[in-house]
Amino acid sequence: MQNQIERIREMELRMERVAKTIEELMTALSHFKALDDDLEVLDQYYGSDEWKQDLAADEAGRLPRDLKRGVLSEDGLWNLLSEVREMNKRTRRGDD
């Protein structure tokens, strides 16, 4: 009987862990879905004429020194958009 009780307790813990993770994932996916517009705008901006002009202005020192400019980092924005594409692939296929 003790083995049975231990097994039930273990299975209950596993079920709670999975349920909590699913709930967190569903919340995160909802937050991510709300960013569709932002992602579309960033994707269009990256490599556009406007982006190239902004990058040239930055390289020429015409932008304020305290201006955040992560979007002008080729690797930063490209990596972010690549991560989004990879995540979309994984969630469609159910890969880990």
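This report walks through a predicted model, helix by helix and then by salt bridge.

## Ground rules

The model is predicted, so local features need pLDDT of at least 70 and side-chain atom pairs count only at pLDDT 80 or more, while totals for chains, interfaces and linings use all residues. Residues are numbered from 1 along each chain as its sequence is written, and side-chain values use heavy atoms, with hydrogens and water left out.

Let's start with helix H1, which covers residues 2–33. (Helices here are DSSP runs of H or I with at least four residues, strands are runs of E with at least two, and both are numbered from the N terminus.) Arg17 sits in H1 and counts as exposed, at 51% relative accessibility. For the cut-offs, buried is under 20% relative accessible area, exposed is over 50%, and partly exposed is in between, using a 1.4 Å probe and protein chains only. From the C-alpha of Arg17 to that of Ala28, eleven residues apart along the chain, the separation is 17 Å.

There is also a nonpolar surface patch of about 450 Å², built from Val18, Ile22, Leu25, Met26 and Leu29. Patch members have over 30% relative accessible area and no salt bridge; nonpolar side chains (Val, Leu, Ile, Met, Phe, Trp, Tyr) are joined within 5 Å, and like charges within 9 Å. The areas come from the Shrake-Rupley method with a 1.4 Å probe, and for residues only the protein chains shown count as cover. Ile22, one of the patch residues, lies in H1 and is partly exposed at 45%.

## Around helix H3

Ser48 lies in the loop between helix H2 (36–45) and helix H3 (49–59). With 17% relative accessibility, Ser48 counts as buried. A polar atom of its side chain is 3.1 Å from the backbone nitrogen of Trp51.

Which residues of H3 are buried? They are Trp51, Leu55 and Ala57. Looking down the axis of H3, these buried residues fall within an arc of 160 degrees, so they line one face of the helix; the arc is taken from the directions from the helix axis to the C-beta atoms. Asp49 and Gln53, on the other side of H3, are exposed. Just after the helix comes Gly61, with a positive phi of about 75 degrees.

## Salt bridges

Side chains of opposite charge can pair when their charged atoms come close. Searching the whole structure turns up five salt bridges, each being a side-chain nitrogen of Lys or Arg within 4 Å of a carboxyl oxygen of Asp or Glu. One of them joins Glu10 and Arg14, at 2.9 Å from N to O. Both residues are in H1, four residues apart, or about one turn of the helix. Glu10 is partly exposed at 36%, and so is Arg14, at 41%.

Asp43 pairs with Arg85, with the closest N and O atoms 3.9 Å apart. Asp43 is in H2 and Arg85 is in helix H4 (residues 74–93), so this pair ties together parts that are 42 residues apart in sequence. Asp43 is partly exposed at 37%, as is Arg85 at 40%. Another bridge connects Arg69 and Asp58, whose closest N and O atoms are 2.5 Å apart. It links distant parts of the chain: Arg69 is in the loop between H3 and H4, Asp58 is in H3, and they are eleven residues apart. Here too, both ends are partly exposed, Arg69 at 25% and Asp58 at 22%.

Notes: A polar contact is a pair of N or O atoms within 3.5 Å; within protein, one must be able to donate a hydrogen and the other to accept it, and residues adjacent in sequence count only if both atoms are side-chain atoms.
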